[in-house]
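Please look at the sequence and the structure shown below before reading on.

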Amino acid sequence: MRRLNKSLVWFRRDLRNFDNAALHHALGESQQVYCVFIFDKDILDPLLPENRMDRRVAFIHASLQELDAELKRQGGGLIVRHARAVDEIPALAEQLGVDAVYANEDYEPAALERDAHVAKGLQRSGRELLMFKDQVIFAKEEVLSLAGKPFSVFTPYKNAWLKKLSLPSGGLNLDALLPLACKPAKGQLAFPATAAPMPTLKSMGFEACNLAALNLVTGMKGGASLLKDFVPRMARYKETRDYPAVKGPSYLSVHLRFGTVSIRSLARLAAESMQSGEGKEGAAVWLSELVWRDFYFMILYNNPQVVGSAFKPEYDRISWETGKKADNAFAAWCEGHTGYPLMDAAMMQLNQTGYMHNRLRMVTACFLIKDLGIDWRRGEAYFARQLNDFDLSANNGGWQWASSSGCDAQPYFRIFNPITQSEKFDPEGKFIKRYLPQLSGLDRKSIHAPWLAPELTLSMAGIKLGKEYPRPIVAHDEARKKTLERYSVVKK
């Protein structure tokens, strides 16, 4: 074990002071520990001036205030700076006179490049950047096929993932998912007396968001409250997760994204529920979703070319719709004006709240790609700007799944029918009515396809197509034929 005089813990996407690998190791190996978070200009500057009211930046800012308060309660505090991390971390390490910087791994190409630059900057002054696994259960090449290669299909990956946690006697090894101790000794956490106050959103060029109005709870306490609410519902997760009008999901995705909850504790909770016998199926399906998250991190780390390119290179031969007509169709999709109620309600939810139900992420993506014939990368980029829980690996994986170009993706000839999806997953139209109140007067049959409703039905509901609600911008049956033609190049 290392024995260091001073160290610096660099928080990134792990905004908690419990079960945090970097903090745990720093406390175990250092006499004095400083903590820092950098509002990285290399990440934030591209958001401005277009996204001044960015919900994610506001979420981070609020979560940091709680983290700072908790660290102060333990005798330390959080240094927060608005700068380029590649410059600021080596400079701060020099200023504080630390021996090493501790941080948790990130697997995105830009993050890996940033960390390599920081490591070189630290090395120039004889310091180390020490990295730890924290945001996944298994990372990089920890789960491999029998041939020693990274997986590209989810089910065998999941089976191998579960096998690594399996006990010879059966069941999962819960001890492997125990939380890491992060309790500092008295006086161990440090905070420089000359540290500047935390930058305000305004000073960084951003505006405050009313996160409470969006029911977007922040920080460790927010994550804990959502988890507490979800635990009694986990048993029914399998039955409820696909219905956007039902309270089925955990709603923890943004907390997983920024690390205000611990993936180890969530996986352990799911495993415990599976082994208790109560609600076993629901817990197993939820654990499977957490494994999907590991899977996409693994795919991105081992295949960085998926950023901007198809995982299956032959799918980059597809010719997508371009020009003014395609731009207008893309704008209609973004704005929730396609004339297909479930699609439009989903996009309204995204635009208004920054959240979209997972089932709806699939159907809206498939609609853009296979009904409108628009390049999946345009949709991926729009989701990246709008989603509170945007995570490059999952977002890219989801869009490539929908476009059939990714690993273990849906077959190209599988094309969701937007009406059928609406009837199946929002049968009473409750979700549609929540985000498209102008359709509230329609019955449960007509609300899924208003253009097929009798004129009298529309009139009684106070709807004139093209005025209160748009006509469909595309005919699904015709679009399906075009998509099969478009995708025919992958068979050649």
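Is Thr-240 buried or exposed? Thr-240 is buried, because its relative accessible area is 6%, where buried means under 20% relative accessible area, exposed over 50% and partly exposed in between, with a 1.4 Å probe and protein chains only.

This is a predicted model, in which local features need pLDDT of at least 70 and side-chain atom pairs count only at pLDDT 80 or more, while totals for chains, interfaces and linings use all residues. Residues are numbered from 1 along each chain as its sequence is written, and side-chain values use heavy atoms, with hydrogens and water left out.

| Residue | Helix | Relative accessible area |
|---|---|---|
| Thr-240 | H8 (residues 237-240) | 6% |
| Ala-479 | H20 (residues 476-486) | 5% |

Helices are DSSP runs of H or I with at least four residues, numbered from the N terminus. Leaving aside residues up to four places away in sequence, Thr-240 touches Val-246 and Gly-248, and Ala-479 is in contact with Lys-370, Asp-371 and Val-474, contact meaning heavy atoms within 4.5 Å. A polar atom of the Thr-240 side chain also lies 2.9 Å from the backbone oxygen of Arg-236.

Turning to the helix pair, the axes of H10 (residues 263-276) and H11 (residues 280-302), which are lines fitted to C-alpha atoms over the stretch in contact, with angles from 0 to 180 degrees between N-to-C directions, come within 8 Å and cross at roughly 150°. H10 is therefore roughly antiparallel to H11, a term for angles over 145 degrees. The residues of their contact divide into 10 nonpolar, 1 polar and 2 charged, among them Ile-263 in H10 and Trp-286 in H11; here Ala, Val, Leu, Ile, Met, Phe, Trp, Tyr, Cys and Pro count as nonpolar, Asp, Glu, Lys and Arg as charged, and the others as polar.

Terms used
Helix = DSSP H or I, 4+ residues; strand = E, 2+ residues; numbered from the N terminus. Parallel < 35°, antiparallel > 145°, perpendicular 65-115°, else oblique. Polar contact = N/O pair within 3.5 Å; in protein donor to acceptor, adjacent residues only side chain to side chain.
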